[in-house]
Amino acid sequence: MKPTRLLASAALASSLTAGAALPAVAQPAAPRTTAAAAAAAETIAIPSAQASAKKIAKNNGITLLNHHISGVKDARSTAKANIRDAARGKKAYTSRYAHPRGAKVALNAKMLHAMQQLNAKKRFTFRVTAIAGSKHSPNSAHYKGRAFDVDIVNGSYVSTRGPGLTKAKRLMKACKSYGAKLVLGPGHSGHSTHVHCQW
């Protein structure tokens with residue numbers, strides 16, 4: 001061994017004996033979970049509209065109204081019919097007495113997933129009165145298959161006071177946690193007796 005190598009080895013041995021700290025070795029930075037990555041992961045986890053609709057149709061904790069609150073008859077556009085069609089992989093009907101009259105729309109997959117999860121994960125029981133059907137404001141998200149209305153939550157009718165108000169607010173908060181872009185209920189004009197969740 002050459003003298004320079006012997007000197008280097010001796011110096012290293014001496015530093016170890018004296019308790020000197022070894023040079024720090026840089027560790028690779030832990031990967032960061034960005035908001036975009038989280039959103040992408042959530043998008044990947046969202047099942048198809050048909051898959052969620054099938055679960056909703058079989059869920060006893062989610063009641064789907066088979067008539068319209070208004071009393072107008074249009075069986076093919078009730079909440080129950082909308083989910084039935086989506087579960088078959090078909091588009092849902094809007095109501096013939098509303099706008100647009102009797103159009104077909106694809107129900108939003110994120111909305112249906114949230115509806116199903118509100119019961120499966122959050123343990124809410126509720127009644128859906130309208131999805132694409134019934135009459136709403138002219139540019140309503142209902143007509144685009146991106147909103148649903150609820151009038152009973154955990155056994156109480158939605159109202160402006162008492163259990164009906166408390167439970168409605170809990171449902172509204174839960175809808176927001178699943179990405180609802182607009183949530184209306186008691187305290188908002190025209191929504192004293194139902195919750196509107198929109199994606």
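Predicted model: local features only at pLDDT ≥ 70, side-chain atom pairs only at ≥ 80, totals over all residues.
Although Ala49 and Ala106 are 57 residues apart in sequence, their C-alpha atoms are 8.5 Å apart in space. If the neighbours within four places in sequence are left aside, Ala49 is in contact with Leu107, Ala109 and Leu112.

**Helix α3 and its partners**

Two of these contacts, Ala109 and Leu112, also belong to the packing of α3 against helix α5, where the side of α3 contributes Ala49, Ser52, Ala53, Lys55 and Ile56, and the side of α5 contributes Ala109, Leu112, His113, Met115 and Gln116. An α-helix has 3.6 residues a turn, so residues three or four places apart point the same way.

| Helix pair | Axis separation | Angle |
|---|---|---|
| α3 (residues 49–57) and α4 (residues 79–87) | within 7 Å | roughly 130° |
| α3 and α5 (residues 109–120) | 8 Å | about 30° |

How are α3 and α5 oriented to each other? Angles under 35 degrees count as roughly parallel, and with an angle of about 30° α3 and α5 are therefore roughly parallel to each other. The angle of roughly 130° for the other pair means that α3 and α4 are therefore oblique to each other. The crossing of α3 and α4 is left-handed, and α3 likewise passes α5 in a left-handed crossing. In the contact between α3 and α4, the residues taking part are Gln50, Ala53, Lys54, Ile56 and Ala57 from α3, together with Ile83, Ala86 and Ala87 from α4.

**The setting of helix α4**

Is α4 largely enclosed or largely open? Seven of its nine residues are buried, so α4 is largely enclosed by the rest of the structure. The buried residues are Ala79, Ala81, Asn82, Ile83, Asp85, Ala86 and Ala87, and among them Ile83, Ala86 and Ala87 make the contact with α3 described above. What covers these buried residues includes α3, strand β1 (62–64), strand β2 (92–93), α5 and β4. Just after α4 comes Gly89, which takes a positive phi of about 80°.

**Rings and a charge**

A pair of aromatic rings is described by the distance of the centres and the angle of the planes. The structure holds one aromatic pair, formed by Phe148 and Trp199, which is stacked, with 5.8 Å from centre to centre and 15° between the planes. Because Phe148 lies in strand β5 (residues 147–153) and Trp199 in the segment after β8 (195–198), the pair ties together parts that are 51 residues apart in sequence. Phe148 counts as buried at 0% relative accessibility, and Trp199 also counts as buried, at 4% relative accessibility. Elsewhere, Arg76 lies over the face of Tyr93, at 3.9 Å from the ring centre.

Definitions and conventions:
Residues numbered from 1 in each chain as written. Heavy atoms only, no water. Phe/Tyr/Trp six-rings, centres within 6.5 Å; stacked < 30°, edge-to-face > 60°. Helix = DSSP H or I, 4+ residues; strand = E, 2+ residues; numbered from the N terminus. Buried < 20%, exposed > 50% of the residue type's maximum accessible area, 1.4 Å probe, protein only. Lys NZ or Arg CZ within 6 Å of the ring centre and 35° of its normal. Axes fitted to C-alpha atoms, helices over the stretch in contact; angles between N-to-C directions. Parallel < 35°, antiparallel > 145°, perpendicular 65-115°, else oblique. Left-handed = near helix turned anticlockwise from the far one by under 90°. Contact = heavy atoms within 4.5 Å.
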